[in-house]
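Visitor: I have a structure open and would like to learn how to read it. Could you walk me through it, feature by feature?

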Amino acid sequence: MKHSTTRQTRRGRGPARRIGRSLAFVLPVVLVLSGTLAVTRVNWSGDPSDSVLAASEATSPQASSARAPHEVLRDRLLTELQEEDPGVALTHLQQAVNERPSLADHCATIARALGRAAVKVYGPTRAQSYARPVCDTAFASGVLAAHG
């Protein structure tokens with residue numbers, strides 16, 4: 001004989017269900033962000049001479065051998081910032097760090113220097129408009145330090 005009473009089910013309860021729901025929400029966001037970052041690291045031109053470091057080393061071989069690579073990169077990016085705009089310099093900074101991970105230790109310092117220089121050239125409001133998450137928020141903190 002069947003019982004007509006309804007059994008209580010575990011639907012909607014338990015940590016496994018909560019974890020599953022959290023993952024269902026968070027996982028697509030993580031995948032989209034990681035895919036976006038992966039796309040920005042690809043050299044889409046197909047020309048190996050488009051490399052940021054190749055360009056920086058080709059500018060002055062004597063100067064780059066006497067100075068640290070991060071100093072050469074910083075100086076070249078500061079020149080780019082003045083000749084073009086901070087967005088170009090930040091893109092090249094990210095490419096350089098991606099191509100040569102040893103520069104990652106100096107990324108925040110270089111980005112802050114770019115932020116301070118951008119304030120001098122463009123003013124604080126316009127300089128802040130170029131901020132992006134290169135080396136965390138170092139560019140934005142450089143803008144803030146130069147402005148404040």
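Guide: Start with pLDDT, which is the predictor's confidence in each residue, from 0 to 100. We need it here since this is a predicted model. The chain averages a pLDDT of 74, and 66% of the residues score at least 70.

Visitor: Which helix has the lowest mean pLDDT, and which the highest?

Guide: Helix α2, residues 52–59, has the lowest mean at 47, while α4 has the highest at 91. The pLDDT stays below 50 over residues 49–60, a stretch that has 19 contacts in the model beyond near neighbours in sequence. Where pLDDT is low, the predicted coordinates should not be read in detail.

Visitor: How should I look for a core?

Guide: The general idea is that in soluble globular proteins, nonpolar side chains tend to be buried together. In this chain, buried residues make up 26% of the 148 residues. The largest nonpolar core has 24 residues, and L73, L77, L81, L93, L114, C135 and F139 are those with the most contacts inside it. Helices α4 (69–83), α5 (86–99), α6 (104–122) and α8 (138–147) each supply at least two of its residues, with α6 giving the most, eight.

Visitor: Let me zoom in on C135. Which residues is C135 in contact with, leaving aside neighbours within four places in sequence?

Guide: The partners of C135 are L93, Q94, C107, A108 and A111.

Visitor: And how do I check the geometry of a helix such as α5?

Guide: At 1.5 Å a residue, the 14 residues of α5 should span 20 Å, and the end C-alpha atoms are 20 Å apart, so the two agree. At the start of α5, a side-chain oxygen of D85 comes to within 2.7 Å of the backbone nitrogen of G87. The buried residues of α5 are P86, G87, A89, L90, L93, A96 and V97.

Visitor: What about the surface?

Guide: The chain exposes about 10200 Å², and carbon and sulfur atoms supply 57% of that area.

Definitions and conventions. Residues are numbered from 1 along each chain as its sequence is written. This is a predicted model: local features need pLDDT of at least 70, side-chain atom pairs count only at pLDDT 80 or more; totals for chains, interfaces and linings use all residues. Side-chain values use heavy atoms; hydrogens and water are left out. Buried means under 20% relative accessible area, exposed over 50%, partly exposed in between (1.4 Å probe, protein chains only). Accessible areas come from the Shrake-Rupley method with a 1.4 Å probe; for residues, only the protein chains shown count as cover. A nonpolar core is a set of buried Ala, Val, Leu, Ile, Met, Phe, Trp, Tyr and Cys residues joined through side-chain atoms within 4.5 Å. Helices (H or I, at least four residues) and strands (E, at least two) are DSSP runs, numbered from the N terminus. Contact means heavy atoms within 4.5 Å. The expected span of a helix is 1.5 Å times one less than its number of residues. A polar contact is a pair of N or O atoms within 3.5 Å; within protein, one must be able to donate a hydrogen and the other to accept it, and residues adjacent in sequence count only if both atoms are side-chain atoms.
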